[in-house]
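Me: I would like to see how the terms used for a protein model are tied to their definitions. Could you take me through some of them?

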2 protein chains.
Amino acid sequence: LKRVVMLGFGTVGSGVMELIERNRAYLKSKYHNEMQLTGILVRDPEKYKGRGADGLLTTSFDEILAQQPDIVIEVMGGIEPANTYVRTLLERGVSVVTANKDLIAEYGLELMEIARTNNASVSFEAAVGGGIPVIKPFRESLKGNRIGSIAGIVNGTTNFILTKMYEENLEYDTTLKMAQEAGFAEADPTADVKGYDAARKLCILSSIAYDKMIRWKEIKVEGVDGVTKTDIQNARDIDRKIKLLAVSTRDGSEIHCSVRPALVHKHSALGHIDNEFNAVEVEGDAVGKVMFTGKGAGKFPTASAVYGDLLDVLTGKTDMVLPLNDDTNYKLSKYYARRSKWLVRLKVTSMPETIDLVLGSFPIHALKLYRLNDLDNVFFVVETEDELELYEKIVEMKSQNFVQDVKYFLMYD
Amino acid sequence: LKRVVMLGFGTVGSGVMELIERNRAYLKSKYHNEMQLTGILVRDPEKYKGRGADGLLTTSFDEILAQQPDIVIEVMGGIEPANTYVRTLLERGVSVVTANKDLIAEYGLELMEIARTNNASVSFEAAVGGGIPVIKPFRESLKGNRIGSIAGIVNGTTNFILTKMYEENLEYDTTLKMAQEAGFAEADPTADVKGYDAARKLCILSSIAYDKMIRWKEIKVEGVDGVTKTDIQNARDIDRKIKLLAVSTRDGSEIHCSVRPALVHKHSALGHIDNEFNAVEVEGDAVGKVMFTGKGAGKFPTASAVYGDLLDVLTGKTDMVLPLNDDTNYKLSKYYARRSKWLVRLKVTSMPETIDLVLGSFPIHALKLYRLNDLDNVFFVVETEDELELYEKIVEMKSQNFVQDVKYFLMYD
């Protein structure tokens, strides 16, 4: 019998409690094991009365500690006080199962080192992709591979927003409101729409894949709040959709990680991931490309991942190998480092000068000019060796007095 | 240091050896562990000379046993002698990692029971979906769920054939030859084209998901060899593709499993799985639908799965819980048990009588008549409560003297 405590009792927490209850008999008969939820730490017990856990609720972390738990489920979210609590428990040898991507992205490596010292473990399948098994395949199944790239749609809120913009031809503000009404976006949507949430998840996955702790604040992050109806329309004109893409690549001694609105072909695998769905595509040198898809958030999908982690702790399927570590020494590049096409969009005051500029900036064989009849929306597609080559040309373009604005989008295949 | 032996040294075997070599330093530094390949059992060592394993090759199973291995990698395929060898090794406490779906589908439960008795384990990630992590998610990550259904495209050969038929408007025989020339189909393609291979994989997944050992010879299996250009064209007319679908459902006390050519929408998730790609979609009551895709076969994809399993054995991430078992007592139904649409195709000698028959057989609101101008290819779509309801009507139809042939296809959404 394992004594389990829970920190936080929101939607995910009550989902986890339900799964524990429902699987109690199964766990006992098949795994000869039992979990006993002994305490749930909340700020305001009144708020959670009548949810079937009245006797377990406490506001005292000391009381949680006094229960001498074997496992703690952390579903309170945010950095503090989650970080302090988790740390204290790890130091006492309590294994942690968490859904908290902010905490793992920020302090994951540190926490795992504490866990190792104290013969405990930190599991975090629910931190990326909700219930889609992603972390475990990265940590275990694909370990024979050298991972070369990751590309994901890992934030359901922004994917819902972009899908609605595409399907119903709406502006960003309108669809954000729709997402909030549908319960897919929070009242303060900053972490989602600015790409911070996706960046944290990408960094967790990339850190595991490349054996290097990558901090999300050190990578390029661009959200969806700058994407307009016209951008979406331009993409549509060339059979593409805009997705908030979390992408990382490893080439030689360099790693690139970024979160950005990018154009994927509407008939590609990622092009079909719409609304609140998530997908993670990973390329390993042995396995090729594999992709995991499903709902990336929600009460029961997230609880499903937490339950899987609990089972791993119960059956001893955790180990002392740190999935987050700093074993390698790659250079982190802010520019996408692979040959790619880009959609470049300009706002200009003179078309002839613009055409001269574009033709003078890139070799003609690398160019496709698409829209040259609207000064506010000139766009072309260009292929370059890497993002830096493009970026330098963009900076030059911006310096021209007839160029008012330049935007560009990665075209990911 | 773990002593590892290998049974068989074909394409997959040499891929596994490469991955072991390549990851040797990584395994040592990160996992503080080592694998030593001490022997490889082959029938004709001459055939494998110069592949970098000359000193390891042996034709004597006794010699393999004498090496007192900790782990055996079984990549010889087929039932015998693999079964006898694996059994003998398990009885001596040697853990087995196998890519052999025939063996697991046929004797998996028995072998795992022997393993448990002898404190050893049987791992078989490579048996389904090549390098795509599927078995582990089923065995571990999704265990908090009650799985309701599985739908997969799990045979690359037939998917290649059907894709070519669809894309290039060719007949089955032509595309089978193309698949053989491209190395996707074997000289004797029976197990693939008749659906046996897909059936074995479906039964392995379903057995894990439903805690009931399902034998592939007890389920409905229909291959692709009966699919014609006209069937593909009919499907295309209603925006569908034909895929060899491995599908299972659990409802109440009944399980249905079948492998059959089925119609999926061309824009659905499964509709985008073309050529040699595989996909497994699983629906759990907590997680919803999640899907795993990638290349389902090949030297390195399969070796990637084997390596992941080896790592599990090395790190002690195996347990005594049998993934294949007979813990539940579901009834196995040969008919698809859920409400669905079906495409029904008839070959007739009289159109007016046929129309009367169809209209008399099904309620008008459940019917869509599509093609009524070609006696050899009359087709309509009908929605029924389950397959049995349809099947009984089909039997009736077949008994009419103006009906020469009737075919029907599940339309899977």
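Reply: Here is a predicted model, discussed term by term. Residues are numbered from 1 along each chain as its sequence is written, and chains are lettered from A in the order in which they are written. Local features need pLDDT of at least 70, side-chain atom pairs count only at pLDDT 80 or more, totals for interfaces use all residues, and side-chain values use heavy atoms, with hydrogens and water left out.

Me: Why is Ser121(B) called buried?

Reply: Buried means under 20% relative accessible area, with exposed over 50% and partly exposed in between (1.4 Å probe, protein chains only). Ser121(B) has 6%, therefore it is buried. Ser121(B) lies in the loop between α5 (101–117) and β6 (122–123) of chain B; helices (H or I, at least four residues) and strands (E, at least two) are DSSP runs, numbered from the N terminus. Among the residues that Ser121(B) touches are Leu90(B) and Val313(B), where contact means heavy atoms within 4.5 Å.

Me: How do you know that β12(A) pairs with β12 of chain B?

Reply: Two strands pair if DSSP finds at least two bridges between them. Three bridges join these strands, which run antiparallel, so they count as paired. Thr293(A) stands opposite Met291(B) in β12(B).

Conventions. Lists of a residue's contacts leave out its neighbours within four places in sequence.
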